[in-house]
Amino acid sequence: MKYQKKQNAIVLLADGTIFYGKAVGGKQGTAFGEVCFNTGMTGYQEIFTDPSYFGQLMVATNAHIGNYGTNQEEVESDSIKIAGLIVKNFSYDYSRPAADSSLEDFLDKNNLLAVSDVDTRALVSYIREHGAMNAVISTEVDNVEGLKKQLAEVPSMEGLELASKVSTKEPYYFGDENATYKVAALDIGIKKNILRNIASRDCYIKVFPYNSKFEDLEAFNPDGYFLSNGPGDPEPLVEAQAVAKEIIKRDLPLFGICLGHQVIAIANGVSTYKMYNGHRGINHPVKNLITGRGEITSQNHGFAVNREEAEANGDLEVTHIHLNDDTVAGLAMKDKNVFSVQYHPEASPGPHDSSYLFDQFVENIKKSKLSTVE
């Protein structure tokens, strides 16, 4: 246990509201981003390294964070992607045998500012009532007016293109090159566990940068195409939308998750919108409208597909809905080999309710190959 004097810190919201806390590890600094909260009891390391959270100040609703340390095998990308962390109780010590370092060391290695001793219940209640907004966490507790001026310059998440900040710069391969099927994945913020799930189903994957053209992906001669999750607003992703339109036009197997799901909707003329709070947690209830079955899902998104427009679109079918607010959780094209979901089937938050979606993708690839041969 580390006993040290804690540096005072604040959480300053865009509307001027202030919450008080202490800097984890005595670290000093300032970090800006959109404040949001995740209700998961576990999985903090995966959350912090998920590219979908790029540019966000993460409030952890679980009372204790850091108690089971970190493990290098449990990351979703090459670095921490959140802009900063806000918690109630930060555990400097950890007790899990499988851990290889403390969360404090993990944050220090990634140079991330974290604030503890915050009344996170009050903060989350405030966000729920007033909506997600930009914020700043800082140890400059005597410079509130200066921080307010800097915060006013931070752009809104609405209309913000962030895929370019997290996407691979160069194409790369994942999986066994001798696998039966080949998949071209467009990286607009892809998670490693998505690649693991696809590869485990006898697929060899080539991952392409966010601004790749359809011809780039096609040159790999893939059997199927995948549009990944990612951060920011889907509307500015015109290159990804163009890729989706071309895949749809050619009736090729296509699967999209989260941001990829939204891109597919836009490619079909359906708009998206910024949610008041978004969905971030590992226990979100979804109903599969095709089978009638419920699923407990992991979710992380601040934008959603316009349900009214989706249901009015003759080419689309709403396949899944979120049971808390009836938002669109899944889509399929009626006469094309295309489907998508708003949640994360690769996360498997305890139950593996949604892992069938990867099987469905591979089955679509198999059927497509058979029809091509015939």
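Okay, let's start with a term: I'll call a residue buried when its relative accessible area is under 20%, exposed when over 50%, and partly exposed in between, using a 1.4 Å probe and protein chains only. Helices (H or I, at least four residues) and strands (E, at least two) are DSSP runs, numbered from the N terminus.

Now, what you're looking at is a predicted model, where local features need pLDDT of at least 70, side-chain atom pairs count only at pLDDT 80 or more, and totals for chains, interfaces and linings use all residues. Residues are numbered from 1 along each chain as its sequence is written, and side-chain values use heavy atoms, with hydrogens and water left out.

Let's begin with the barrel. Seven strands close into it, in the order β1-β2-β8-β6-β4-β3-β9, with mixed pairing; two strands pair if DSSP finds at least two bridges between them. From one strand to the next, the twist averages 35 degrees. For angles, axes are lines fitted to C-alpha atoms, for helices over the stretch in contact, and the values run from 0 to 180 degrees between N-to-C directions.

Take a few pairs. β1 and β2 run antiparallel and are joined by six bridges, with Gln7 opposite Ala23 in β2. Their hairpin has four residues between the strands, and Gly16 there takes a positive phi near 95 degrees. β2 is also joined to β8 (residues 114–116), antiparallel again, by two bridges, and here Ala23 stands opposite Val115. β4 (residues 56–60) and β6 (residues 84–86), on the other hand, run parallel, with three bridges; Met58 has Leu85 in β6 as its bridge partner.

Helix α3 (residues 120–130) packs on this sheet, touching β1, β2, β3, β4, β6 and β9, and its direction makes about 125 degrees with that of β4. By contact I mean heavy atoms within 4.5 Å. Helix α4 (residues 144–152) packs on the sheet too, touching β1, β2, β3 and β9, at about 45 degrees to the direction of β1.

So which residues of α3 are buried? They're Thr120, Leu123, Val124, Tyr126 and Ile127. They cover an arc of only 160 degrees around the axis, so they sit on the same side of α3; that arc is taken from the directions from the helix axis to the C-beta atoms. The face turned away from that buried side carries Arg121, Arg128 and Glu129, which are exposed.

β14 (residues 254–257) and β19 pair in the parallel sense over four bridges, and Leu254 has Val338 as its bridge partner in β19.

Keep Leu254 in view. The largest nonpolar core has 35 residues, and Ile188 and Leu254 have the most contacts inside it. A nonpolar core here is a set of buried Ala, Val, Leu, Ile, Met, Phe, Trp, Tyr and Cys residues joined through side-chain atoms within 4.5 Å. Leaving aside neighbours within four places in sequence, Leu254 is in contact with residues including Tyr225, Ile247, Ile248 and Phe361.

Ile247 and Ile248 bring us to α8, where the buried residues are Ala240, Gln241, Val243, Ala244, Ile247 and Ile248. Those cover an arc of only 160 degrees around the axis, which puts them on the same side of α8. Val238 and Lys249, on the other side, are exposed. Just after α8, Asp251 takes a positive phi of about 55 degrees.

Is Gln342 buried or exposed? Its relative accessibility is 1%, so Gln342 counts as buried. Among its contacts, leaving aside neighbours within four places in sequence, are Cys258, His261, His301 and Val328.
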